[in-house]
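Please look at the two chains displayed below before reading on.

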Amino acid sequence: MYADTLDIPLSENVNIKARTRKMEKSSDHPLGIEFAVMGFVKLLEVIRIDNSPHQGKPGTHIHFLDKDKRKGKEVVEESPQIKNPEQAIDYVDLYLRSRYPMLL
Amino acid sequence: MWTYIYDPATQCCYKATMLLRPSGHISYKASKARKGKTMEIEIKIVQNAEERRKEIKKFSERAIAGRIENKHTLVLTSDLFAKIFSPKRIDLLMTLAKKESHNVTELAKKLGRKFEVVYRDLKLFEHFGLVKLVKEDKFIIPELIGHIRLPVIA
């Protein structure tokens, strides 16, 4: 199965990675694509937005993976306002810029 | 005994060693050598945030239209390109492309650099989707994932 990836480094230590894959159109994937946008700090994933179903719930989810933010538990938020990879990249970009300005 | 196995996910043929397990099952251990269609990697240098935004928009629109082509794009500004692709790192990629060294130790020796430094650079390239690091026994085998295109002025 084909997948496209896009890497957008913001600095040597901060990077945004987006991946898209074609899917059968369904209620889980109304656009017919599956996407995941990940934010990395020093090669560690700190945030991920994807439109794969999470715990049986379809739609876009934001997974916060920062150690200090998680405090030992998984933080996942539903995010119906993010509908495509472009909006997800914008969100991750803003998040990384506001949370890790010293690394940019 | 080796054979070629076809991976439909990457549309690549991998050279693999055929192993007969004591249980009677046959398993395959893929080696680093492969042939067939590989992923296209493009490094795009943009001048400013506006151009970067255009590339992101293009990527998103292409996905929504269902035009997914197994392509990997790295979008960088010129100053970031200079930081990530230092002369020594470019030298590393060029040496890797020649496929003369089999593992990181050999590669480091060939480049006259320390193992740790070469390994760190390879990890960075792996993160950017340019290089794949395969563990074979006690060795780490680096290989380029695909053909890298760098159209500076298109």
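**Where the two chains meet**

In this predicted model, 25 residues of chain B are in contact with 24 residues of chain A; two residues are in contact if their C-beta atoms, placed from the backbone, lie within 7 Å. On chain B, the elements that give two or more residues to this side are α1 (49-64), β5 (71-77), α2 (78-84) and α5 (115-127). Here helices (H or I, at least four residues) and strands (E, at least two) are DSSP runs, numbered from the N terminus. The largest share, 7 residues, comes from α1(B).

Residues are numbered from 1 along each chain as its sequence is written, while chains are lettered from A and ligands numbered from 1 in the order in which they are written. As the model is predicted, local features need pLDDT of at least 70 and side-chain atom pairs count only at pLDDT 80 or more, whereas totals for chains, interfaces and linings use all residues.

Strand β1 of chain A (residues 3-9) and β5(B) pair in the parallel sense over 3 bridges; two strands pair if DSSP finds at least two bridges between them. Thr5(A) stands opposite His72(B), and Asp7(A) has Leu74(B) as its bridge partner.

The open sheet has 9 strands with mixed pairing, in the order β6(A)-β5(A)-β4(A)-β3(A)-β2(A)-β1(A)-β5(B)-β4(B)-β8(B). At its edges stand β6 (75-78) of chain A and β8 (146-149) of chain B, each with a single partner strand, so one side of each is left without a neighbour in the sheet.

A residue is buried if 20 or more other C-beta atoms lie within 10 Å of its own, with C-beta atoms placed from the backbone. In a regular strand the side chains alternate between the two faces of the sheet. Accordingly, Ala3(A), Thr5(A), Asp7(A) and Pro9(A) point one way from β1(A), and Asp4(A), Leu6(A) and Ile8(A) the other way.

Within chain A, β1(A) and β2(A) pair in the antiparallel sense over 7 bridges and form a hairpin with 4 residues between them. In this pair, Ile8(A) stands opposite Ile16(A). Elsewhere, 4 bridges join the antiparallel strands β4 (residues 44-50) and β5 (residues 61-64) of chain A, where Arg48(A) has His63(A) as its bridge partner.

Methods. Buried ≥ 20, exposed ≤ 12 C-beta atoms within 10 Å, placed from the backbone.
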